[in-house]
Amino acid sequence: MSINGAGGPREAVHWPLAGYRVLELGNFIAAPTAGRLLADFGAEVIKVERPGVGDEIRKWRLYRGDTSMLYRTINRNKKSITLDLRSTPGRQTALSLIGHCDAVIENFRPGTLEKWGMGPDVLAEANPDLILTRVSAFGQTGPLRERPGFAAVAEAMGGLRALVGEPDHPPSRVGVSIGDTIAGLYAAFGTVMQLLARQSAQGSTESPLAKPCFREVDVALNEAVYSVMESLVPDYDAYGVLRNRAGGRIEGIAPSNAYVCLDGDTVVIAGNGDAIFRRFMKVIGRPDLAGDPRLVTNSDRWNYRDELDDAIAAWVSSRRRAEVLACLDDAGVPAGPVYSAADLATDKQLLARNMIQYFEVDTGNAESARVAFPGVVPVLNECSLPIRHVGPELGQDTAEVLSGVLGMSAEEIEQLC
């Protein structure tokens, strides 16, 4: 597998998190997403995987070969080592590594680390200045703390599922494990905040935190989802409004929807700003709607959303996608095509910002293939940072890490693994 993605010479890259070491004990998506974000910006992230099995997403959406592109994507820029945390030697080795780390990220069910003898008190003894970031379904406290749950449950209990899909059908998913990803973002953000707090405390001789201080970050999947639900609860508490699923629309905003073009392609048009709406109606040949006193404000237009969508759909359906988008672009009306994976892989804007980076990867065929991977977000200094390498082979860095960090001999490593 190549480790040479796009993005320019390595010596010219500034890695904001260079020098920090993180031990990732996570499986699936949430905690590994946090680890990926820290690794993307230069942290040394050591991923601990089960011997012989590894992270279960190595086999998720695996169409050919031994390792899925999902694993390659979420675990890029990391090192992989194998340790059996259920065994005493495995736990002891992990605790030794933790003594040399700045942070640990985990997403086991609450109580699991404690059951293994690796609870916060033990970790604090191994490293008094450690940051422990924990991701779980419902958090480390509260009446639901011990209940298991994946992103699907969190999206339901965080309020998202109630708003996704058509109103006369059961709630839908958004097509990706968005709850896990949001939680991973918060976990990475929380870890960096605690790193900054630790750095600030260490730089102050008067602060009581200048001494080593164990710090925790507690991320709940349901809370992560709930946090992005905007004014869902305040609207209910203030006005008694219970929002419902609105299909391609978003409640209270009009016109904003997806429309099918003459060639079968779909576009999304967001013509809901007051001035934008008037320009939009003129583009589609409906100046009568642009000047209609019933449609002056967004709240007014929401009451006539069906009438507006019918007018827009009639115009869009008589034109090919390229013509629709060109007309709307000329008038300054926000619109865009509904992209497939094929569209994304060749998008000029993404390519210009290094958001498509290629690596030679084993895909299960006789020869490796050149595969496009999503770039690093956010952009720093004009261009997405280069991906150093995609998700590693299972345990490929075990010897390097255990010998380099802990000074273990080849014989000791062989006995452990």
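Helices (H or I, at least four residues) and strands (E, at least two) are DSSP runs, numbered from the N terminus. Select Glu230 to begin: this residue lies in the loop between α8 (221-226) and α9. The model is a predicted one, where local features need pLDDT of at least 70 and side-chain atom pairs count only at pLDDT 80 or more, while totals for chains, interfaces and linings use all residues. Residues are numbered from 1 along each chain as its sequence is written, and side-chain values use heavy atoms, with hydrogens and water left out.

**Backbone stops**

Glu230 is not a glycine, yet has a positive phi of about 55°. Is Glu230 buried or exposed? With 66% relative accessibility, Glu230 counts as exposed (buried is under 20% relative accessible area, exposed over 50%, partly exposed in between, with a 1.4 Å probe and protein chains only).

Now go to Asn354, in the loop between α16 (348-352) and β10 (356-361). Asn354 also is not a glycine and has a positive phi, of about 60°, but at 7% relative accessibility Asn354 counts as buried.

Next, pick Ala254 and Pro255, which are joined by a cis peptide bond with omega about -5°. Pro255 sits in the loop between α9 (232-239) and β7 (256-260). Then select Val377 and Pro378: the peptide bond between them is cis too, with omega near 5°. Pro378 belongs to the loop between β11 (369-374) and α17 (398-406).

**Ring stops**

How many aromatic pairs does a search of the whole structure find? The search finds 4, counting rings of Phe, Tyr and Trp (its six-membered ring) with centres within 6.5 Å; planes under 30 degrees apart are stacked, over 60 edge-to-face and the rest tilted. Show Phe108 and Trp116: their ring centres are 5.0 Å apart and their planes at 70°, so this pair is edge-to-face. Both Phe108 and Trp116 are buried.

Move on to Phe359 and Phe373, whose centres are 6.1 Å apart with planes at 80°, so they are edge-to-face. Phe359 is in strand β10 and Phe373 in strand β11, so the pair ties together parts 14 residues apart in sequence. Phe359 counts as buried at 1% relative accessibility, and Phe373 does at 3%. Finally, select Phe28, Trp60 and Phe150, a cluster linked by ring pairs.

**Last stop: charges over rings**

Display Arg301, which lies over the face of Phe277 at 4.7 Å from the ring centre. The charged end of Arg305 sits over the ring of Trp302, 4.1 Å from its centre. Such a contact needs NZ of Lys or CZ of Arg within 6 Å of the ring centre and within 35 degrees of the ring normal.
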